[in-house]
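I set out here what I looked up in this structure, entry by entry.

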Amino acid sequence: MASVARTVTSGPGPVRRAGNAVARATQRTSSAVVRRVRRHTHSGGAGESGLAKLIELHAVNSAGDMLITVALASTIFFSVPTGEARGRVALYLIVTMAPFALLAPVVGPLLDRIPHGRRAAMAMSMLARAILAWTMAGVVSTAGLELYPAALGVLVASKAYGVVRSAVVPRLLPARTTLVKANSRVSLTGLLATAVAAPIGGLLHLIGPGVPLYGAFAVFVCGTLLSFSLPHKVDSAKGEARAELSAGEDVEPHRVGRQWREKRPGLRSVGGPVLHALQANTSLRALSGFLTLFLAFLLREHPLGGLSGPVSLGLVAVAAGTGNAFGTALGSWLRARGPERIIISALAAALAATCLAAAWYGVLTIAVVAAAAGIAQALGKLSLDALIQRDVPEEVRTSAFARSETALQMAWVIGGAIGIVLPLNGTLGMAVAAALVALGVAFSVRGLMTGARGRAARPRAV
């Protein structure tokens, strides 16, 4: 060992050669990782169809959002006592979520009007968040009121991106690939990017509270450039029309001048299963928002089973993240199954887990609730996408994605608001969580079962 040390440190030549060897090894490793990632994103025809570009763009988007989340959570939640943190989060909900609840219904129809500019809309969403992240970096340490309007802008831009992404996926489907599988690949890549960005954001926060936001600025600038690398067919609106939520149950002709024309098909006119699936998913998304905020405060004030607050929060976060990833992967495998039955199973699992936690509140049951909620939300959303693909005509399909995504985001806001005002009692909280899922069961399961039976009884086309 001594001779090796003398050889390496005996002069600039050996040191330079050792450094070059390390640099070459690092470069080879990085290149191998990049090649493996690109091989995954371009597999199954995704490279030829352009879906791979969207997968990579979504990974960048998820990483940037996570860096902003780490910066805001560290300032608004973790840096102050629980009572003050609850007040700050309540203020955050009022200043950001309340205006978003008013703006969200406008996002879908507004984006419907720019079908020829989807790449530009994605780029503007990225650029807006880059500018806002840079702005917030200067004020995040004080958590002043000027931080909240910028956070609202980030939220709206992020949800606008989500709406456009959902509308773009059908345009980039590879041959012999279903929409549910494509969305599963996009979502799973986003989850992996989030898992990588979270610890990086934590390390950057140790340097300074604004450093994660500067990192988000750099990530979103890259995302702005990547948006324009999507294929030109993303901006094509050929054969598309807007979906209307208030259309009648049937597509009936109506008179225009001297001619009779069919009503524009809407979500109600293309079959009950889509609306019932949306109702079930709003219940699951409200559950997600509720658990996110309620458990964040509850476990910080009352840790689980003698564990510390950070360990309790980490346990729940890992369970939820693992459940979401597993549900996303499982959804791709279950793509040939009936989506109505998958949604019913997801609701049943979430209801059973929350009822179990309400009856026996503890470490194990809370971890089960977090995992079940993650699995149910992932499976429910992928199944909703499959129903829209199956039942909604192509000319209104992209608009249907935009409107369903807006409804789901608003459901998360409502669930989060309930979580922030509820007393910090574990048994009570889990009972409320069970009630949220029970509402979804009451409003959607019967219709989903009817739709599943009707489709099973329908003769197959030869």
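Predicted model: local features only at pLDDT ≥ 70, side-chain atom pairs only at ≥ 80, totals over all residues.

Entry 1, Arg390. Arg390 has a relative accessibility of 28%, so I recorded it as partly exposed, a class that lies between the limits of 20% and 50%. Arg390 belongs to helix α13. I then checked a distance across the sequence: Arg390 and Thr178 are 212 residues apart along the chain, while their C-alpha atoms are separated by 9.7 Å.

Entry 2, salt bridges. How many salt bridges does a search of the whole structure find? The search returns two. One of them joins Asp65 and Arg129, with 2.9 Å between the closest N and O atoms. This pair links distant parts of the chain, since Asp65 sits in helix α4 (residues 51-78) and Arg129 in helix α6, 64 residues apart.

I found another salt bridge between the side chains of Lys381 and Asp385, at 2.9 Å from N to O. Both residues lie in helix α13, and because they are four residues apart there, about one helical turn separates them. Lys381 has a relative accessible area of 13% and is therefore buried. Asp385, at 2%, is buried as well. For Lys381 I also listed the contacts beyond four places in sequence: Asn281, Arg285, Glu405 and Leu408. Helix α13 itself covers residues 363-391. I noted as background that side chains of opposite charge can pair when their charged atoms come close.

I turned to the largest nonpolar core, which has 79 residues. The members that touch the most other members are Leu54, Ile68, Met122, Met136, Leu291, Leu295 and Met430. Which helix gives the most to this core? It is helix α10 (residues 272-301), with 12 residues. As a general point, nonpolar side chains in soluble globular proteins tend to be buried together.

The structure contains three aromatic pairs. The ring centres of Phe290 and Phe294 are 5.1 Å apart and the planes meet at 10°, so I recorded this pair as stacked. Phe290 and Phe294 are four residues apart in helix α10, which means a separation of about one helical turn. Both are buried. I also noted one aromatic cluster, formed by Trp134, Tyr214 and Phe217.

I located a nonpolar patch on the surface, made of Met124, Leu127 and Ile131, with about 290 Å² of accessible area together. Met124 is placed in helix α6 (residues 118-137). With a relative accessible area of 54%, Met124 passes the limit of 50% and so counts as exposed.

I closed with the totals. The protein chain has 15 helices and two strands. Of its 462 residues, 48% count as buried. The chain exposes about 21,700 Å², and carbon and sulfur atoms supply 66% of that area. Among contacts with a separation of 6 or more, 80% are between residues 24 or more positions apart.

Note on methods:
Residues numbered from 1 in each chain as written. Heavy atoms only, no water. Buried < 20%, exposed > 50% of the residue type's maximum accessible area, 1.4 Å probe, protein only. Contact = heavy atoms within 4.5 Å. Core = buried A, V, L, I, M, F, W, Y, C linked by side-chain atoms within 4.5 Å. Patch = residues over 30% accessible without salt bridge, like charges linked within 9 Å, V, L, I, M, F, W, Y side chains within 5 Å. Areas by Shrake-Rupley, 256 points an atom, 1.4 Å probe, with all protein chains shown as cover. Salt bridge = Lys/Arg side-chain N within 4 Å of Asp/Glu carboxyl O. Phe/Tyr/Trp six-rings, centres within 6.5 Å; stacked < 30°, edge-to-face > 60°.
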